[in-house]
Amino acid sequence: MAAATADGHGGRRRLRVFFLPFFARGHLIPMTDLACLMAAASTNAVEVEATMAVTPANAAAIAATVAGNAAVRVVCYPFPDVGLARGVECLGAAAAHDTWRVYRAVDLSRPAHESLLRHHRPDAIVADVPFWWATGVAAELGVPRLTFNPVGVFPQLAMNNLVAVRPDIVRGGADGPPVTVPGMPGGREITIPVSELPDFLVQDDHLSMSWDRIKASQLAGFGVVVNTFAALEAPYCDEFSRVDARRAYFVGPVSQPSRAAAAAVRRGGDGDVDCLRWLSTKPSQSVVYVCFGSWAHFSVTQTRELALGLEASNQPFLWVIRSDSGDGGGERWAPEGWERRMEGRGMVVRGWAPQLAVLAHPSVGAFVTHCGWNSVLEAAAAGVPALTWPLVFEQFINERLVTEVAAFGARVWEDGGGKRGVRAREAETVPAGVIARAVAGFMAGGGGRRERAAAMATALAERARVAVGENGSSWRDIRRLIQDLTDATASQP
């Protein structure tokens, strides 16, 4: 087996850790952040050498993050041939009708992963949730395997507990009654309409068929690393440690605000720095930041309604849209004359925006978000209150944490509005009038909602700062993780 060895530099033990991220920026970027954090947490006794194992296009997405960091290396393996265009190797780059091909690539990547790990024989493996086979390879090599989960413990526990009642959900069908999540700690009842539940709980898909295997692999592994901080999700972290991992390490936010100033613009890609200069022309906390992540596929109709809603809100806004929006022959998503009318008040960024730097900017007063976990965590860490507009997978569950549990946000479309849903065919278009009222009302402080949310967001930002600071909970868990891995490898023959 591979064991942590002395590297000849001051007698320190070298701990070689391999990282295997899933094919999505929401997984790839935080896992790269984790690799950098572990390398930076090297001690006088242990030097962590981190290696990101990625496909070529995904290597390009993290190149700026790892540049100049000699302790973080990158090795590439070919992206499986699943019928995608050259260079399309993650969910954010694939068209909506091709996302299934990315999931197919997960299964087909197994031989390449096994070959890489057997060849390099690392001291430890940190593998993303879908790569269940990493536990078996790690056992064969005699090294620890950790699962990296970029999703918080609140949604993980909720999905675990919903799996227990999945037969009832499936029998009830799409028109079944709202589902109360059983067994959640903290005494708070969480109820979710069937239309807002992840696909795998309602119908058979790639995840429903592999869920048991993934969970068994996670529980059999050395432990689980989660991008969260304990003060955000107590008492859920305690429950997670008890039921879902042999060892749990809560190390977030891995996108630490203290490191954002210089590196955030390049994190995950070439961010649009012009938007930061534009933000600097706006008053404090006046701008609404609108971003739905790298995976959102809005219809042209919905995009036009959002454009009109932002216009009618009379609020300054910074809106990030996918680079493939429109039909290529003109910006058909934008109502005629809209961009001219919005000149000066609103800015549109196509493609990738430096979100950490944007959220840290003093001009930003609210974040209209899809509730992807990274965005939830980054908003909390930046102290920015959220307006929630979830779209897919566990985002509707995350929304409950934002609006009901941690309470640093409010919904764009309140209860009693139109039907929302994970599956586009079940969801109604959110009209411009609803968007305008939600944004304007929140920014105006109607009913005190924004004041309460902003106060909670400010408190969370301070807790996040403490968590990642010296001797904070996340700081300690990173070092406990390294020590546990060092002890495990040292104890092996």
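**Entry 1: overall build.** I am working with a predicted model. I started with the secondary structure and found 21 helices and 16 strands. Next I looked at the extent: along the principal axes, the C-alpha atoms fill a box of roughly 70 × 55 × 45 Å. I then checked the radius of gyration, which is 22 Å; a compact globule with 493 residues would have one near 23 Å, so the two agree.

**Entry 2: surface and burial.** I looked up how much of the chain is hidden, and buried residues account for 58% of the 493. The accessible surface comes to about 19400 Å², and carbon and sulfur atoms hold 52% of that. I also looked at contact range: of the contacts between residues at least 6 apart in sequence, 70% join residues at least 24 apart.

**Entry 3: the cores.** Which residues touch the most other members of the largest nonpolar core? I found Phe-240, Tyr-289, Leu-318 and Phe-408, in a core of 95 residues. This core takes at least three residues from domain 1 (14-257 + 466-491) and at least three from domain 2 (269-465). Apart from it I noted another core, with 37 residues, including Leu-28, Ala-39, Ile-62 and Val-126. A reminder to myself: nonpolar side chains tend to be buried together in soluble globular proteins.

**Entry 4: a closer look at Phe-408.** I set aside its neighbours within four places in sequence and listed what Phe-408 contacts.

Notes. Residues numbered from 1 in each chain as written. Predicted model: local features only at pLDDT ≥ 70, side-chain atom pairs only at ≥ 80, totals over all residues. Heavy atoms only, no water. Core = buried A, V, L, I, M, F, W, Y, C linked by side-chain atoms within 4.5 Å. Buried < 20%, exposed > 50% of the residue type's maximum accessible area, 1.4 Å probe, protein only. Domains from an automatic or database assignment. Contact = heavy atoms within 4.5 Å. Helix = DSSP H or I, 4+ residues; strand = E, 2+ residues; numbered from the N terminus. Rg over C-alpha atoms; globule rule 2.2 N^0.38 Å. Areas by Shrake-Rupley, 256 points an atom, 1.4 Å probe, with all protein chains shown as cover.
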